[in-house]
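Please open the structure in your viewer and keep the selection tool at hand. The stops below say what to select next and what is there.

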Amino acid sequence: MEWIDALSELKRSGQPGVLVTILGSAGSAPRKSGSKMLVTAEKSVDTVGGGHLEFLLIERARELIAADQQEPVMEHFPLGPRLGQCCGGSVSVLLEPIAGCHFHITLFGAGHIGKALIHVLSPLNCRITWIDNRAELFPPTPPENVTCILSEQPDEEVADLPENTFVLVVTHNHQLDYAIAEQTLKRSDIGWLGVIGSETKAQRFRQRLEHKGFTTNQIEHMRCPVGLNEVGGREPAEIAIAIAGEILALKNGSRDSLSQKREGIPWQALRTLLATERVEKEHS
């Protein structure tokens, strides 16, 4: 495997790594400028010359991984007796950390909205597991960070989902949506659950869950209808943007404001009230 193939695999897996590049050399050096090697916590792929220099670079790269270093590092190495290499030259090396991905989204449904969501979400630093029971709906070449799973019983896949994953349900079948939601709410280690639908659908789902013995606290973990109301629109792309906006707001720390988005006085009404109060004071 070459470093560029390993880099694609690294992106799919979400694991951290360091890309090592020879920037330049003086005198005799084992590899030319531009030579690259990819280092992870478990392995290294390709080579920047071998010998003690490469051993030190692998060690240094793994130090950066362990420290969760985000900024690139440039270092210079004379290839003398101290490194056990008798080339007599020197090399300058760039070590570029590749951040691991701890943000996982599981998307159930590969219809129009599912495809639009993949288009919006896949450029983010996240891993996406995309599940459907219709093979023909998956693209022949999904984005690198998207893993497609064809399953005859998508709701049974919930048991194998990673901890803290964001579960998003946008299938073509209300009964399947409910089955996935029910299985998801049985797990206490899921990061978030969003289900597409109307207020009527949401109410029916909540009633069924209550009848099944789910607590109010469990049911409140389900966001249905999912998506930011402020975005509006009914086109798949508009719906995908509204849902992606809610996911990012949750991920980036706006959970409290989202949980109250349908409560209280809208800011427009509050502004009108304050303006009215000011006018009344001026004329009193």
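Select Asp68 first, which is exposed with a relative accessible area of 55%, where exposed means over 50%, buried under 20% and partly exposed in between, computed with a 1.4 Å probe on protein chains only. Although Asp68 is not a glycine, its phi is positive, at about 55°, and the residue sits in the loop between helix H2 (51-66) and strand S4 (73-78); helices (H or I, at least four residues) and strands (E, at least two) are DSSP runs numbered from the N terminus. The model is predicted, so that local features need pLDDT of at least 70 and side-chain atom pairs count only at pLDDT 80 or more, while totals for chains, interfaces and linings use all residues. Residues are numbered from 1 along each chain as its sequence is written, and side-chain values use heavy atoms, with hydrogens and water left out.

Asn164 is not a glycine either, yet has a positive phi of about 65°, and with a relative accessible area of 53% it is exposed.

Now select Glu182 together with Lys186 and Lys212. Which side chains does Glu182 meet in salt bridges? Lys186 pairs with Glu182 at 3.7 Å, N to O, and Lys212 pairs with Glu182 at 3.0 Å, N to O, a salt bridge being a side-chain nitrogen of Lys or Arg within 4 Å of a carboxyl oxygen of Asp or Glu. Glu182 is buried, at a relative accessible area of 10%, whereas Lys212 is exposed, at 52%.

Another salt bridge joins the side chains of Asp189 and Arg187 (2.9 Å, N to O), and Asp189 is partly exposed, with a relative accessible area of 24%. Selecting Arg60, Glu63 and Glu75 shows one network, joined by salt bridges that share partners. In total, the structure holds nine salt bridges.

For the last stop, select Cys224 and Pro225, whose peptide bond is cis, with omega near 0°. Pro225 belongs to the loop between strand S11 (222-223) and helix H7 (236-251).
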